[in-house]
Amino acid sequence: MNKFSTTLLTATMAGILSTSAIAADYNFKFQSSDPAGDKNFQVQKEWTKRVETMTGGRVHIDLLPVGSIFKHTETLDGIKMGILDGQITATEFFSGKDPAFGLIGNTVGAWSNTQQLLQYVNYGGGYELMNELYAPYGVKFIGGSTTGVESFVSRVPLDGVEDLKGLKLRAPEGLVQRVFAAAGAAPVNLPGSEVFTGLSKGVIDAADYTVFSTNQKAGMNDIARHPVQPGFHSLPLIDISMNKKKWDKLPADIQAILTVSVRDFAEDMTTQLRIADQAAVKAAKADPNITIHDWSADERKKFRAIARTQWEEFAKGSANAQKVYDSITTYLEANGLL
């Protein structure tokens, strides 16, 4: 093939690949907080394809993996500046801007399953509150999801709150670290990329990291053989949001499609991860070197009681954080969850 033919073929293929984007009435650039190879990112890509199909090709979303343009903590700024049109991210990443994002993004110890969180977001006031929090940034909260109740990775047996005392564990900065410290643990700052090494070298004894299936796939349970599953601590809010001005220019039918599609995305994300977790748990149980620990209801209540004291402290960080605290605790009490 000569140089001219090669150039022509490349141009033709590029044209074919970009046809949907060119043909779309609305082309948006979103950035995810997940890497391209992660299952979460794959489920997010499937959502963008469904949106394109459901809108008859009128909407095309180009979804970029974490760090493509902005750091995962800076996508809110990217949307405000108009460089990004939207994001799929964990709300807690913006706690540096306002502790309210940290409190609503990961109310440590509050939720026992994914449905409790999603019910709060969709029907318990969370949706309206998120849009209020995002308004100063010119961002529209389309809807929320989550992943799954995260597992807890540990090199030592953990059967209750008492076992947390003195435990060297990796936990994200902010509310999560505060809660574990209040429970008597010794939190350590460590990026996610260093969790495996930290566990294998004994720098840490345990880690708040992610869902069971991801931990199993990464080999975490092979070096930290006492996972707690289901986890007792973390259930992050994953939000899909976009530039408010661009949202306002969308026809009502597309706004409705996007809103409903995010609810479908939440069901898809939580279900796929639950299926993956079930398979991973089954494999782990067949391994005589791994012991899965499931905390009793009483121990979970003890941890939640400790966590609540830290929610109260975190709520003092801003007027918005207090609104979040009041909203979530009112909902939990009304539904018999506290």
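Predicted model: local features only at pLDDT ≥ 70, side-chain atom pairs only at ≥ 80, totals over all residues.

Residues are numbered from 1 along each chain as its sequence is written, and side-chain values use heavy atoms, with hydrogens and water left out.

I then checked how strand 1 (residues 26-32) meets strand 3 (residues 86-90): they run parallel and are joined by three bridges. Helices (H or I, at least four residues) and strands (E, at least two) are DSSP runs, numbered from the N terminus. Two strands pair if DSSP finds at least two bridges between them.

Next I turned to strand 2, which runs parallel to strand 1 with six bridges between the two. Here Lys29 stands opposite Asp62. Five of the six residues of strand 2 are buried (under 20% relative accessible area, with exposed over 50% and partly exposed in between, using a 1.4 Å probe and protein chains only).

Which order do the five strands take? I read it as 2-1-3-9-4, in an open sheet with mixed pairing. Strand 2 (59-64) and strand 4 (139-145) are at the edges with a single partner strand each, so one side of each has no neighbour in the sheet. From one strand to the next, the twist averages 25°.

**Helices on the sheet**

I looked at helix 3 (residues 39-54), which lies across strands 1, 2, 3 and 9 (238-243), at about 165° to strand 2. Angles run from 0 to 180 degrees between N-to-C directions, and axes are lines fitted to C-alpha atoms, for helices over the stretch in contact. Contact means heavy atoms within 4.5 Å.

Helix 7 (residues 126-134) also packs on the sheet, touching strand 3, strand 4 and strand 9.

**Helix against helix**

How far apart are the axes of helix 7 and helix 15 (residues 319-334)? I found 11 Å, with a packing angle of about 175°. That makes the two helices roughly antiparallel (over 145 degrees; under 35 is roughly parallel, 65 to 115 roughly perpendicular and the rest oblique). Leu129, Glu132 and Leu133 of helix 7 meet Asn320, Lys323, Val324 and Ser327 of helix 15.

**A last stop**

I ended at the cis peptide bond between Gln229 and Pro230, with omega about 0°. Pro230 sits in the loop between helix 11 (220-223) and strand 9.
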